[in-house]
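Visitor: Hi, could you walk me through this one while I look at it?
Guide: Happy to, here it is.

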Amino acid sequence: MEKTWRWFGKKDKITLSMLRQIGVEGIVTALHEVKNGDIWTEEAIMDLKNYIESYGMRWSVVESLPVCEAIKYAGPERDQLIENYIISLENLGKCGVKTICYNFMPVLDWARTDLKHPWPDGSTSLYFDYASFAYFDIKILQRQGAENDFPAEILAKVEEMDKTMTPEGKHQLVENIIVKTQGFVNGNISEGDKEPIKKFKALLDLYKGIDKAALRENMKYFLNAIMPVCEKWDINMCVHPDDPPMEVLGLPRIVRTAEDIDWFLGAVDNPHNGLTFCAGSLSAGEQNQVVEMARKYASRTHFVHMRSCEVLGGGNFIEAPHYAGRAHLVELTRIFTAEERRRNANGGIGLPMRVDHGKDILDDAVNGYNPGYGFYGRMLALGQVTGMMAAVEDEMAK
Ligand code: DNO
């Protein structure tokens, strides 16, 4: 697999010269400064591409070319937005950037409740506590009917938490769940937004009446519309699984399980319609047998996220070290290395892989990186995965 790294553009504190030294071969990035829905121009794409290449690496993957909400809920501006999306894809194709990651999660991209969960060794990682998430939904958002979406033991925990919850505690939850994890990935809420809750609730309202079947139809509509430009330029689209892989906040989610993946791959049965195999997101769902899924979907996987979670019961999960957890990254390395070899033998291009969400270690705690995207923790993870890749190459050479 090609060793890539998610880099947030020229403003990222982690520079391209640092990345070269640690063995990164390709860059995963986006035109983060372009407003969602606006066209990515050839000029802006080429500028960033040339910059990356001047450091001896390539722009391997776009993560993400965001799909606007109106495409997901089929608002009146949907066709115009899809038209813009097609023009951006065309421009990317012309510039030779051909692997495009996106997601189809309504309103909220990935979610965690704690961004600095302490480990006994002094490091921290991201963490998802289901009761805290329920607290946010029921007591902070006060979403109508939210109580009906949680089991009794979670509701009891929410009441218990409410006895001691402080205004700062509530603020922290809002920051963690809908602010700090969203802005830097071009999500809907950014740091500095004056009334994040109000804005967020208005977004939720847009999905009234959109159930799983409707969201599926809207995804199919979008994919059918963009397939011709993908075929023309040999662009591979790869949807990111829902993170966590479950329904949240009364919104439908449609990329959570093998059944979901079977559905969207079959609904638009074209090799350019593929998957980002995010082992971390998938392993956070108890229903997902990650190794089995990797075997099943390797041929339609265009991008791999190496990360692993440990599920802790009751809907809670924690990000595990890359050599541990339930994703079994060693076996995934075998599966995707074999897939890459098969593609190379058929004249195809390699399979880009990036490590994801390392733990925060050493100076990550003070350097103010984006949550889940520290330097030292990810560098350690890249070292671990590089070791797995070397061992697998060695096994395969025998
Ligand atoms: C979080 C990321 C996601 C991902 C998008 C892809 O760390 O994995 O924000 O980039 O969902 O569109």
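**Around the ligand**

Guide: Strand β4 (residues 99-103) contributes the most to the shell around the ligand, giving 3 residues; helices (H or I, at least four residues) and strands (E, at least two) are DSSP runs, numbered from the N terminus. This is a predicted model, where local features need pLDDT of at least 70, side-chain atom pairs count only at pLDDT 80 or more, and totals for chains, interfaces and linings use all residues. Residues are numbered from 1 along each chain as its sequence is written, and side-chain values use heavy atoms, with hydrogens and water left out.

Visitor: Which of the 14 residues around the ligand come nearest?
Guide: Those are E63, S64, D109, H357 and Y373. A residue counts as near if one of its heavy atoms lies within 4 Å of the molecule.

Visitor: And how does the shell divide into nonpolar, polar and charged?
Guide: There are 6 nonpolar, 4 polar and 4 charged residues. Ala, Val, Leu, Ile, Met, Phe, Trp, Tyr, Cys and Pro count as nonpolar, Asp, Glu, Lys and Arg as charged, and the others, Gly among them, as polar.

Visitor: How far is the side chain of E63 from an oxygen atom of the ligand?
Guide: An N or O atom in the E63 side chain is 2.5 Å from a ligand oxygen. For N103 the side-chain N or O atom is 3.0 Å from an oxygen of the ligand, and for D109 a polar side-chain atom lies 2.9 Å from one. The protein covers 100% of the 320 Å² of accessible area that the ligand has on its own (Shrake-Rupley method, 1.4 Å probe).

Visitor: Back to E63, what kind of peptide bond joins it to S64?
Guide: A cis one, with omega about 0°. S64 itself lies in the loop between β3 (58-63) and α3 (69-72).

Visitor: Where is P244, and what joins it to D243?
Guide: P244 is in the loop between β7 (236-240) and α10 (258-267), and a cis peptide bond with omega of about -5° joins it to D243. The loop between β7 and α10 also holds L249, which has a positive phi of about 55° although it is not a glycine. Most residues other than glycine have a negative phi, and most peptide bonds are trans.

Visitor: New topic: how many helices and strands does the chain have?
Guide: The chain has 15 helices and 12 strands. Its radius of gyration, taken over C-alpha atoms, is 20 Å, close to the 21 Å that the globule rule gives for 398 residues, so the chain is as compact as a globular protein of that length. That rule is 2.2 Å times the number of residues to the power 0.38.

How values were computed. Polar contact = N/O pair within 3.5 Å; in protein donor to acceptor, adjacent residues only side chain to side chain.
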